[in-house]
Amino acid sequence: MPHNINLNRINKSRIFDVDFDNIGFGKVFSDHMFIADFDGQHWSNPSILPYGNFSLSPATSALHYGQSIFEGMKAFRGENEVFLFRPSDNLKRLNISGERMVMPAFPEDLFMVALLQLIDLDRAWIPPADKGTLYIRPYMFATDDFIGVKPSEKYRFAIFTCPVGPYYAKPLKVKVEEHFSRSAPGGVGFTKCSGNYAGAMYPTKIAQSEGFDQVLWTDPLTHTYVEETGTTNFFAVFHDHIATPALSDTLLSGLTRDSSIQVLRHLGYRVEERKISVHELFEANNNGTLKELFISGTAATLINIETLAYRDQIINLVTENSQNVTQIIKSKLDDIRTGKSENFQNWRVTVPSVIQ
Ligand SMILES: Cc1ncc(COP(=O)(O)O)c(C=O)c1O
């Protein structure tokens, strides 16, 4: 189905105010955004507009009952081109979240047309490869102005982008969380619904006040098996294999997790998707078979955990060495994303240069 997207360009770009050397994460927004509205039947009025505020009713359903989902993806600057990484898989996951939250699916053809146009239009906002990437935030929220708990009929879908530097600047200190839970069997932990992140803020704030960067969630029933951190999946590198928690309805199926598993297996590593107990990690650390811990996510990229704390026990791992698997897999993925290596599994999508 052909999609005509209304285009309303800014009069004057803000790009010249941007300092790519001090960009931070999530504070600077590119010139344009994409929006489309669901009227109960169809997605209508797809438009690219200057980045700006929405006008919302105080009764907007998403604000009260939380039908709000999002995605996180990135555009990368290659030598002469701009690339996306597995964009259709982000939309698939958005639609999985949407199904669980009784929200309408967003069509893949419209998503790709809108995304490619938006990134093409704001390609100047993608930082130089050595300084960062363009973070892309697609999201959808309920827009009925109605008080009463029921699925909204109307929704807004939007995409905006922000040039970003690193999310984490150095290896992490992480606390194993065994009191609070992020999700529950039968719940919504496998979705990227906004409420998952709101509920995680209090335990994370406590961990941060204790000097940690993040929490490592454990299974909600027994708190004995690790699951994921607040913003990433989790991997443990043992002397003879690599393990990551198996997917379930209590954790997010990360695209960086899946990409890492596929590339690692392609490189000949044995990767197991299975239960990993906290006990196993500490025992392996004690007997010298635990080599590395790392997290994986689009925003966070791949980064080592240098300290893992559980009650009064601590794992301290040296992360600076030439055998570091995290660095090997990170640079393989970076090469795929930025066009420096072959297009493994066709994950890399070139953004055509069309808009003048
Ligand atoms: C809770 C959670 N787990 C894992 C991930 C990693 O997912 P991905 O690799 O698709 O960014 C994210 C980031 O989106 C996340 O928020």
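Hello everyone, and thanks for coming. Two notes on bookkeeping before we start. Residues are numbered from 1 along each chain, as its sequence is written. Because the model is predicted, local features need pLDDT of at least 70 and side-chain atom pairs count only at pLDDT 80 or more, while totals for chains, interfaces and linings use all residues.

Let's begin with the domains. The assignment for the protein chain gives domain 1 (6-165) and domain 2 (172-337), with bounds that come from an automatic or database domain assignment. Their C-alpha centres lie 27 Å apart. The contact takes 20 residues from domain 1 and eleven residues from domain 2; here, two residues are in contact if their C-beta atoms, placed from the backbone, lie within 7 Å.

Which elements give two or more residues to the side of domain 1 that touches domain 2? They are β4 (68-70), β5, β6 and α2. Helices (H or I, at least four residues) and strands (E, at least two) are DSSP runs, numbered from the N terminus. The largest share of this side, six residues, comes from α2. By class, the side has nine nonpolar, five polar and six charged residues. For those classes, Ala, Val, Leu, Ile, Met, Phe, Trp, Tyr, Cys and Pro count as nonpolar, Asp, Glu, Lys and Arg as charged, and the others, Gly among them, as polar.

Now to the inside. The largest nonpolar core has 76 residues, and Ala75, Leu118, Ile159, Leu216, Ala236 and Leu308 touch the most other members. Both domain 1 (6-165) and domain 2 (172-337) give residues to this core, so it lies between them. A nonpolar core is a set of buried Ala, Val, Leu, Ile, Met, Phe, Trp, Tyr and Cys residues joined through C-beta atoms within 7 Å. A residue is buried if 20 or more other C-beta atoms lie within 10 Å of its own, exposed if 12 or fewer, and partly exposed in between, with C-beta atoms placed from the backbone.

Take Ile159 from that list. Leaving aside neighbours within four places in sequence, Ile159 is in contact with Met33, Phe34, Ala114, Leu115, Leu118, Ile136, Arg137 and Pro138. Ala114, Leu115 and Leu118 bring us to helix α3, where they are buried along with Phe111, Gln117, Ile119 and Leu121. What covers these buried residues includes β2 (32-38), β3 (43-50), β5 (73-77), β6 (82-85), α2 (87-100) and β8 (155-164). The 14 residues of α3 (residues 108-121) should span 20 Å at 1.5 Å a residue, and the end C-alpha atoms are 20 Å apart, which agrees; the expected span is 1.5 Å times one less than the number of residues.

Ala236 is another from the list, and is found in strand β12 (residues 233-238). Why does Ala236 count as buried? Because Ala236 has 23 C-beta neighbours inside 10 Å. Beyond four places in sequence, the contacts of Ala236 are Ala243, Ile276, Leu281, Leu290 and Leu293.

On to the ligand. Thirteen is the count you want here: 13 residues surround the ligand, and the closest are Gly254, Leu255, Thr256, Gly297 and Thr298. The elements giving two or more residues to this shell are α5 (255-266) and β15 (290-297), and α5 gives the most, with three residues. By class, the shell has two nonpolar, nine polar and two charged residues.

In the loop between β15 and β16 we find Ala299. Ala299 is partly exposed, with 19 other C-beta atoms within 10 Å. Leaving aside neighbours within four places in sequence, Ala299 is in contact with Gly72, Tyr135, Tyr167 and Thr231.

Thr301 has a positive phi of about 60° although it is not a glycine. Thr301 is found in strand β16 (residues 301-310), and counts as buried with 20 C-beta neighbours inside 10 Å. Gln345, also not a glycine, has a positive phi of about 55°. Is Gln345 buried or exposed? With 12 C-beta neighbours inside 10 Å, Gln345 counts as exposed, in the loop between α7 (325-337) and β18 (348-350).

Note on methods
A residue is near a molecule or strand if its C-beta atom, placed from the backbone, lies within 6 Å of it.
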